[in-house]
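Here is a short briefing on one protein chain. Look at the structure first, then read the points by topic.

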Amino acid sequence: MMEKVQRFGGAMFTPVLLFSFSGIMVALCIIFKNPMLVGSIATEGTTWFSVWSIIEDGAWTVFNQMELLFVIGLAIGLAKKANARAAMEAFVVYTTFNYFVSGMLKHFGSFFGVDFAQEVGGESGLKLLGGIKTLDTGIIGAIIISAIVVYIHDRYFDTKLPDFLGIFQGSSFVVIIGFFVMLPVAFITALIWPKIQMGIGSMQGFLASSGVFGVWLYTFLERILIPTGLHHFIYTPFVFGPAVVEEGISKYWMAHLNEFSQSTEPMKKLFPEGAFALHGNSKIFAAPGISAAFYFTAKPENRTKVLAILIPTTLTAVLAGITEPLEFTFLFISPPLFALHAVLAATMSATMYAFGVVGDMGGGFIDLLAKNWIPLFANHKGMIFTQLLIGLSFTVIYFLIFRFIILKFNIPTPGRELAGADVKLYSKKEFKEKQAQKDDASTKETGESIYMDRAIIFLEAFGGSENIEKVANCATRLRITVKDETKVHEDAAFKSGGAHGVVRKGNAFQVIVGLDVPQVREQFEKIL
């Protein structure tokens, strides 16, 4: 069950990867359309304003079509076979579902307690999705429908029909089944979702007024669940879903950023819901403190090597907001250190909120600069300086506490570990020779690629192709299910291929690869 949940969480991250660039572009467009920042050239009606408005319209694509992205992205990530066809099927069935809901509300709106004549958006609970006026179920509806389609796909895609019905096999059969399944699903949705929307409305008010502890608990869970891959279920409903504000903090922030930037009211008063998007501060301010502690506690003769590892991982965390390469370097060495990190990260967010810091700060420094600091600086520089002061203070706190604990308990962080056994680095030539011995045929050449080299090393570390049962990935992790976990090598074998660590749970493994995991997985599956 845990493996399935982790696979689901990893698949959810596929469409989320698209939001960072789009968010930055929307923010830049808002900046360049703000006369307060770029002068009269940005006045509405000028060519400058029109050009940036066009660019902004395109930048909103992923935010305006989040549901479709999650429907397609989940199908790609979850389907066990023919996932490209599964993505197409999910799109068709999800669109059919929305047409059913739309028709039911149009003809029987009073029965479901919905005034279908209202304009979409606001408190109507309605949304225009792909040209269809339907209930706004957000990504929750997209996730449920996509999961249903994937189940139907995996179960019936290969079903053999009689020859005279052959035209209805494969994707057609999946869509046919999905068509009839969506009728009761649409009815149930139309019946219960308006009540859920009312509950969400009540929850928004509760969470917005939950205070400092609520912010602390939210951030703590978002960090502490990273090893399990379940942290997606914590932040996604807040940042991209309707947990505290309609359509999620990220989209709401972009839509109102110009209004916020021109107001002189405190940001905490303007957008208190932004307290639930402060977790990115731990990526920006914690990483340097942790890295400094690792460097200054490393053996002098190892510091140059440690620095070579820490510089790219720290920059990745600070600038891009991808912290896993750094966090996993100490998670498996000392889980208590990681738990301490989660506590400190939560305390940082809670402290910032207590002193009036809010916004959309879930990414790295580039994201923070474009979406928060630059557009808000004119009227909210006090909040920015407060955030910076608290953040840098926690950088020092991280360094002092981590350094003390590492030395006190002699934790073998990078540069302090005992010398281990040599790890054999398999080359493509050696791999092919081994495969030739097994299959009496050599593997087809696929080109000199660093991704291929890493994939070969990982495959050998997993005990060879005959030991692989399932292959998947999330944003930074290669997720493998093996037939016999006793054949899997020690972590050092994976690290020789550039892995940052390995999560082991029975026959389910997660290799921490980094942001190039899709390319590594592609090569991994080729040599399988």
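The points below go from the whole chain to single residues.

This is a predicted model. The protein chain holds 22 helices and six strands. Of its 528 residues, 52% count as buried.

**The chain as a whole**

- The protein chain exposes about 23600 Å². Carbon and sulfur atoms supply 65% of that area.
- Take the contacts in the protein chain with a separation of 6 or more: 72% of them come from residues 24 or more positions apart.

- Which helix gives the largest share of the patch? H9 does, with five residues.
- Phe-108 sits in helix H7. Its relative accessibility is 51%, so Phe-108 counts as exposed, for which the cut-off is over 50%.

**Two helices that cross**

- Two packed helices are described by the angle between their axes and the distance between the axes.
- Helix H10 (residues 211-224) and helix H17 (residues 335-354) have axes that come within 8 Å. These axes cross at roughly 145°.
- The crossing of H10 and H17 is right-handed.
- On the H10 side, the residues that meet H17 include Val-212, Val-215, Trp-216 and Phe-220. Among their partners in H17 are Phe-338, Ala-342, Ala-346 and Tyr-353.

**Salt bridges**

- How many salt bridges are there? The count comes to eight.
- One of them joins Glu-56 and Lys-33, with the closest N and O atoms 2.6 Å apart. This pair links distant parts of the chain, 23 residues apart. Glu-56 is in helix H4 (residues 47-59), and Lys-33 is in the loop between helix H2 (19-32) and helix H3 (35-38).
- Glu-56 has a relative accessible area of 11%, so Glu-56 is buried.
- Asp-360 and Lys-371 form another salt bridge, with the closest N and O atoms 2.8 Å apart. Asp-360 lies in the loop between H17 and H18, while Lys-371 lies in helix H18, so the pair ties together parts that are eleven residues apart in sequence.
- The side chain of Lys-371 also meets that of Asp-367 in a salt bridge (3.7 Å, N to O). Why are Asp-367 and Lys-371 separated by about one helical turn? Because they are four residues apart in helix H18.
- Is Asp-360 buried or exposed? Asp-360 is buried, and so is Lys-371. The relative accessible area of Lys-371 is 5%. Asp-367 is buried too, at 8%.

- Asn-410 has a phi near 50°, a positive value in a residue other than glycine. Asn-410 lies in the loop between helix H18 (365-408) and helix H19 (428-439). With a relative accessible area of 56%, Asn-410 is exposed.
- Glu-460 lies in helix H20 (residues 450-461). With a relative accessible area of 3%, Glu-460 is buried.
- Glu-460 and Lys-487 are 27 residues apart along the chain. Their C-alpha atoms are separated by 9.8 Å.

Methods: Residues numbered from 1 in each chain as written. Predicted model: local features only at pLDDT ≥ 70, side-chain atom pairs only at ≥ 80, totals over all residues. Heavy atoms only, no water. Helix = DSSP H or I, 4+ residues; strand = E, 2+ residues; numbered from the N terminus. Buried < 20%, exposed > 50% of the residue type's maximum accessible area, 1.4 Å probe, protein only. Axes fitted to C-alpha atoms, helices over the stretch in contact; angles between N-to-C directions. Left-handed = near helix turned anticlockwise from the far one by under 90°. Contact = heavy atoms within 4.5 Å. Areas by Shrake-Rupley, 256 points an atom, 1.4 Å probe, with all protein chains shown as cover. Salt bridge = Lys/Arg side-chain N within 4 Å of Asp/Glu carboxyl O.
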